[in-house]
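Open the model in your viewer and keep the selection tool at hand. Each stop below says what to select and what is there.

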Amino acid sequence: MKRRNRITAAFMAFILLASSGLTGCGNAEQENVKKKELVIATNSETGGLDPAGMIALTYLAYSVTALDELVTYDAEGNLEYRAAESYDVNKDSTEWTFHLRKDAVWSDGTPVTSADFVNTMIRSLDPKSGNGYANYLFPIENAEAIYNGEAQADSLGVETPDDYTLIFHLSEPCVYFLDLLRLPVYTPSCVSYADSADSGWDKNPETSVANGPFYLAEYEPEQYFVLKKNEKYWNADVVNLEQITYRFFDSTEAMANAYESGELDVAPGVPSAVLDLYEGKEDLVVTNSIATRYIYPNLAVEPLDDVRVRKALNLAVDREELCRILGEDTEPTVNFIAKYMTDKTDGSYFIDGAEKPFEEDVEEAQRLLAEAGYPNGEGFPALVYKYPSLEQDSDTAQVLKEQWKRNLNIDVELQAQELQVNYTDRRAGDFELCRMNWTADFADPYTYLSMLLSNGTYNCSGIRDSEYDALVTQSDSETDPEKRAELMHQAEQLAVGEQFYIIPLYSIKNCNLIRPGLTGITQNPATGALEYRYAQWEQ
């Protein structure tokens, strides 16, 4: 087996890299050491920077270094206090009180208060904001009713008795509530500037203040944005970099090329071809991504409203072949919950605690399609599959088209789209088959299961299943870890192995290029994403 610098779930702490032997990069590295700057690649611009607005890749890149959550978990699973300095919870876990840091201020010097947290929550619960994470507020009293227009915003079960106290009243116990607090909708947005998701305050350096280690200094649409060190940050003494620049790229190939030419210090998620190109070099770091690539079939479209058709499409996919073609950074999966998500009870991978939802079977797929009225694919409508025009997604689409033709004799029309267009069409339900990728937002299987709930704001395909909803809801308040895990396994089996609401394809390993000499990068244990707030150059 070829030697590569790999980071696995068991080793997520710090990426410490030695000096580089790459040619053509020395000057850029020395300049960055001197200036204490970092240049990072990110995918093409999608969404905004408002935690109450439309969350996509751009926000996720920005927030990891610019915004402090109340609390989060470190790589070892220990609670890390950020915007809050302590919390209390009542006996039945329905009242959570957080005490905010009094030394925490926005980058403009004004205090971070409890009202700033409520500001994000209230704006997120307005459907016009387009926030897909709004349903993660639903454990709070009246949150769902406010979202549905059945209650007034001031009835939200969140108290602010003073500027530094935040009290959450939950409708029912929520065993993963602390995990939820790292999500955008629980992150503060300054009441002085953050008025709506479409006013433009979030990309304007004059109004886009931050409560984290860095703040927005410059934003050039479709090109780059610059974050500078927040000298007013409560923990500024441990922040070493002075500036981080994120550059937008339309393709991962362009990222890899920019890294090789010395334009970038970090190129995350580049094509698997770099595995051979950088064989034996310290630049290559392969990390497990807690993510699943899958397809949404639109249940409002015939014949995808027929479970036999959805099952046939699933059983007719040869995922081993698909991943052989795509490369070493993909691994076949028939699960929805990510392959590398760990079970909190024993540290094992969660999906290993139950049988696979289904087994691929071309003959059974053909039988099901015939039973649904399409023997040998006769009379089957040409479905349109929409996907982002990225290399991996384009290759995936071509393989699926060929497999469905070969195995079921049906034609699927391929429609490549810009990433933002694909995201918008999916959110609007404007698709027949649509590519989807979900990276865990927090370290609990609920981050996946919630996507398919009837009231889930990321449920884009019209799933309405009361039995599934009941299983997931029951797991929310189950305090016995083993019983809760069993409920979640049952829910996944129902959704993926019986009703086939999605078409799971593969899990992903991220091939990252990181300039040797750069230390202190951490890997978020919930998502697998790299974090740079404490990065520094070796002197």
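**Before starting.** The model is predicted.

Stop 1: Rolling a probe the size of a water molecule over the atoms shows where empty space is left. A search of the whole structure turns up 1 cavity of 30 Å³ or more. The space in the largest cavity is about 60 Å³. To see its lining, select L49, P51, Y62, L67, W106, P188, S189, C190, W201, S208 and V209. Which classes of residue line the largest cavity? The lining has 9 nonpolar and 2 polar residues, and no charged residues.

**Stop 2: the cysteines.** Stay on C190, one of the lining residues. C190 has a relative accessible area of 4%, so C190 is buried. Now select C434 and C460. The closest cysteine sulfur to that of C434 is in C460, at 7.9 Å, which is too far for a bond. C434 is itself buried, at 0% relative accessibility. A disulfide is a covalent bond between the sulfur atoms of two cysteines. The count of disulfides here is 0.

**Stop 3: helix α3.** Select residues 114-124, which form helix α3. Of its 11 residues, 9 are buried, so the helix is largely enclosed by the rest of the structure. The buried residues are S114, D116, F117, V118, N119, T120, M121, R123 and S124. What do these residues pack against? Show β7 (95-100), α4 (143-147), β8 (158-162) and β9 (165-169), and you have the elements that the buried residues of α3 pack against.

**Stop 4: helix α10.** Move on to residues 362-371, helix α10, and colour its buried residues A365, L368 and L369. Look down the axis of α10: the buried residues fall within an arc of 100°, so they line one face of the helix. Among the elements that cover these buried residues are α8 (307-315) and α11 (391-408).

**Stop 5: Q403 in α11.** Within helix α11, select Q403. Is Q403 buried or exposed? Q403 is buried, because its relative accessible area is 0%. Beyond its neighbours within four places in sequence, Q403 is in contact with A316, V317, D318, E321, L322 and L408.

**Stop 6: the loop between β14 and α8.** Go to L299, which is found in the loop between β14 (284-297) and α8. With 18% relative accessibility, L299 counts as buried, the cut-off being under 20%. Apart from neighbours within four places in sequence, the contacts of L299 are L304, D305, R310, S461, G462, I463 and Y501. Select E302 together with P303: the peptide bond that joins them is cis, with omega about 0°.

**Stop 7: two positive phi angles.** Most residues other than glycine have a negative phi, and most peptide bonds are trans. Select N376, in the loop between α10 and β16 (383-388). N376 is not a glycine, yet its phi is positive, about 55°. N376 is exposed, at 53% relative accessible area. Next select F500, in the loop between α15 (481-498) and β19 (503-514). F500 is not a glycine either, and has a positive phi of about 55°. Is F500 buried or exposed? At 1% relative accessibility, F500 counts as buried.

**Stop 8: E242.** Finish at E242, in the loop between β11 (224-229) and β12 (243-249). E242 is partly exposed, with 33% relative accessible area. Which residues does E242 touch, not counting residues up to four places away in sequence? They are K35, K36, F214, L227, K228, K229 and E231.

Terms used: Residues are numbered from 1 along each chain as its sequence is written. This is a predicted model: local features need pLDDT of at least 70, side-chain atom pairs count only at pLDDT 80 or more; totals for chains, interfaces and linings use all residues. Side-chain values use heavy atoms; hydrogens and water are left out. On a 1 Å grid over the protein atoms alone, a cavity is a set of points where a 1.4 Å probe fits but cannot get out, and a pocket is an open set with protein on both sides within 12 Å along at least five of seven lines; lining residues have an atom within 4 Å of a point. Grid points are joined across faces, edges and corners, and a volume is the space filled by probe spheres set on the points. Ala, Val, Leu, Ile, Met, Phe, Trp, Tyr, Cys and Pro count as nonpolar, Asp, Glu, Lys and Arg as charged, and the others, Gly among them, as polar. A disulfide is a pair of cysteine sulfur atoms within 2.5 Å. Buried means under 20% relative accessible area, exposed over 50%, partly exposed in between (1.4 Å probe, protein chains only). Helices (H or I, at least four residues) and strands (E, at least two) are DSSP runs, numbered from the N terminus. The arc is that of the directions from the helix axis to the C-beta atoms. Contact means heavy atoms within 4.5 Å.
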